[in-house]
Amino acid sequence: CVIAVTDQGLLQRFAKASASAREQQLNRLVENMPLPWESYREHVQRAIENIWISHRPDHAYQGGIFDATVYGLRGEGKATYRQEIDGIRQRPILNREVVSFADGKAKSQNGYRHGLLADGSPKPYMGLWSRSNYCIEIIKTEKGEWSAEVIERYRAYQIVAELGEARLRHPTLSISGEPLVMRLLIDDYVRAEIDGKTQLLCVLKINSTGGITFVLHNESNISARYTAKLAAQKDQKAGKTFNVSALEDNFFQKSISPDSLRGFKARRVSISPIGELHDPGFKE
């Protein structure tokens, strides 16, 4: 935008403004930067708001799978971990589901160290917490509603190992075998009718419970801005000095359920590297 309007006339006006600032002994290059025309800022804002941002898609299933902590299995779906609080070793209960594992080599003189299951296989004794989701598959139920299944990254590895990578990315069939409406990964695009306006949304986060957090495609640094806004709200409530700009930062961040996406006439779209929008249209 700056280069496009920089001509000889603008350079001359800038030089005069700079000379005036020097005469007034100001600590800045110009006292008042001359605009190319009066409504220039509004025109720039309108142009930027109409740009479709192209993010490079990353649909690779490879990546981190589990966190580094090993959790002990305590039955009834409970898992614990070691933690030291005030010098006292404790074993808090993890309020999340873990993936259980057994060690087929953990043998002792009397058999497997941790016992056997009814089928004779080694009994699981440890769990790992999956912190990474590969994608979310939105499927159409028999009642015509939209439901979803989250594919964790460790499951993606298993699917590729057993059935091949093509099965993981089947265009019309979900992993569960149900008809696939769309498969969404981080940074994928969705176009939806929200509050009477067609919005171009980008996937920010996939929740293990099946919710999807979206932001507008042209927003950036959302996580840091969200954290800063929460901190400003907390400081304001406590009567402390707070960051006014962070508090007034109104950005779009919305968690939407799969069936709500159907109500918003959502469809997965793509944007080419040169900014071309490919929208197949909504399909019930």
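1. Let's start with strands β10 and β12. Strand β10 (residues 133–140) pairs with β12 in the antiparallel sense over four bridges; strands here are DSSP runs of E, at least two residues, and helices are runs of H or I, at least four residues, numbered from the N terminus. Two strands count as paired if DSSP finds at least two bridges between them. Within this pairing, Ile136 stands opposite Leu184 in β12. Please keep in mind that this is a predicted model, where local features need pLDDT of at least 70 and side-chain atom pairs count only at pLDDT 80 or more, while totals for chains, interfaces and linings use all residues. Residues are numbered from 1 along each chain as its sequence is written, and side-chain values use heavy atoms, leaving out hydrogens and water.

2. Now the sheet around that pair. Three strands form an open sheet in the order β11-β10-β12, with antiparallel pairing. At the edges are β11 (146–152) and β12 (180–184), each pairing on one side only. On average, neighbouring strands of this sheet are turned by 20° against each other, direction ignored; axes are lines fitted to C-alpha atoms, for helices over the stretch in contact, and angles run from 0 to 180 degrees between N-to-C directions.

3. Helix α4 packs on this sheet and touches β10 and β11, its direction making about 80° with that of β11; contact means heavy atoms within 4.5 Å. In α4 (residues 153–163), the buried residues include Arg153, Tyr154 and Ile159. Buried means under 20% relative accessible area, exposed over 50%, and partly exposed in between (1.4 Å probe, protein chains only). Just after α4, Gly164 takes a positive phi of about 100°.

4. Here is an arginine for you to look at. Arg267 is found in strand β17 (residues 267–271) and is buried, at 11% relative accessibility. The side chain of Arg267 makes a polar contact with the side chain of Glu193 (3.2 Å). A polar contact is a pair of N or O atoms within 3.5 Å; within protein, one must be able to donate a hydrogen and the other to accept it, and residues adjacent in sequence count only if both atoms are side-chain atoms.

5. Ser54 lies in the loop between α3 (40–49) and β1 (71–73) and is partly exposed, at 32% relative accessibility. The side chain of Ser54 reaches the backbone oxygen of Ser272 at 3.2 Å, and a polar atom of that side chain lies 3.4 Å from the backbone oxygen of Ile271.
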